[in-house]
Amino acid sequence: MKRKNMFCGLLTAVTFSCGFLLGGCGETKPEVSVALDGKAIIMEDTVQSCIDNGLITTDTQGNPQTFDTVFEAKTASFDTLHMGTSSEPHSSVIGVMVYNPESTAKSIYDCKIMKVFYYAQEDNSGNAPFTVNGIDFWGMTEEETVAALEEQGFTVSLDEQYHFIVTSGSGNTTISIDFQPGDYFENVSTGAPQKKEVSYDASTYYVSEVKVDISSKLNIDLGN
């Protein structure tokens, strides 16, 4: 688990600017809630809060694993910590990046969540659902995604050339969604599906990755 100094880089600034422009000026934006298997992953709360809510940390294969990583004061992780479910299967395709805004070193479990990634392209129907504001993006097309977000009150503009969406919720929370054509996905069937079985059309674009991000607000001046 690498540790790097927290910074407000160009990419973060651009992401925030896009989200701000799409969300509109002075507009009331919806709150953003994130959950895995119905258990909350709260932005700007600690990794420990996820554990308290019934989730676990795992290795890359989805096996339960605890970590003794310590973050120095005012540092952030640009590696992904995998989150899983406490019930079988433990694996999921959810990762989080965390930061330590405090002036003293903290365990990774006491660090706070700044980004959540859902890798839908690697998901299958046997894994527990990941949701944003109750929306399960598994197997959703571009048109279905736009409609679902707009129903939740988000201002949405689909880039039809590059197939992505950037929108924003309250508290400078950015939601970014990428799409890939159906032939990028494997239609993996399981003996005990927890989500719908998806039949992909090769020429239709489906959600491939969802990112929820609050890093644009983390303006910590390390020079002070």
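How many residues of strand 14 (residues 164–169) are buried?

1. Five of the six residues in strand 14 are buried, and the strand is mostly covered. Buried means under 20% relative accessible area, exposed over 50%, and partly exposed in between, with a 1.4 Å probe and protein chains only.

2. This is a predicted model, in which local features need pLDDT of at least 70, side-chain atom pairs count only at pLDDT 80 or more, and totals for chains, interfaces and linings use all residues. Residues are numbered from 1 along each chain as its sequence is written, and side-chain values use heavy atoms, with hydrogens and water left out.

3. The protein has three helices and 16 strands. These are DSSP runs numbered from the N terminus (helices: H or I, at least four residues; strands: E, at least two). Of its 224 residues, 48% are buried.

4. Among contacts (heavy atoms within 4.5 Å) with a separation of 6 or more, 67% are between residues 24 or more positions apart.

5. On one side, strand 14 runs antiparallel to strand 13 (residues 158–159), joined by two bridges. Two strands pair if DSSP finds at least two bridges between them. Leu158 stands opposite Ile165 of strand 14. Four residues lie between the strands of this hairpin, where His163 takes a positive phi near 60 degrees.

6. Strand 14 also pairs with strand 15 (residues 173–181), antiparallel and over six bridges. Here Thr167 stands opposite Ile175 of strand 15. The hairpin has three residues between its strands, and Gly171 takes a positive phi near 70 degrees.
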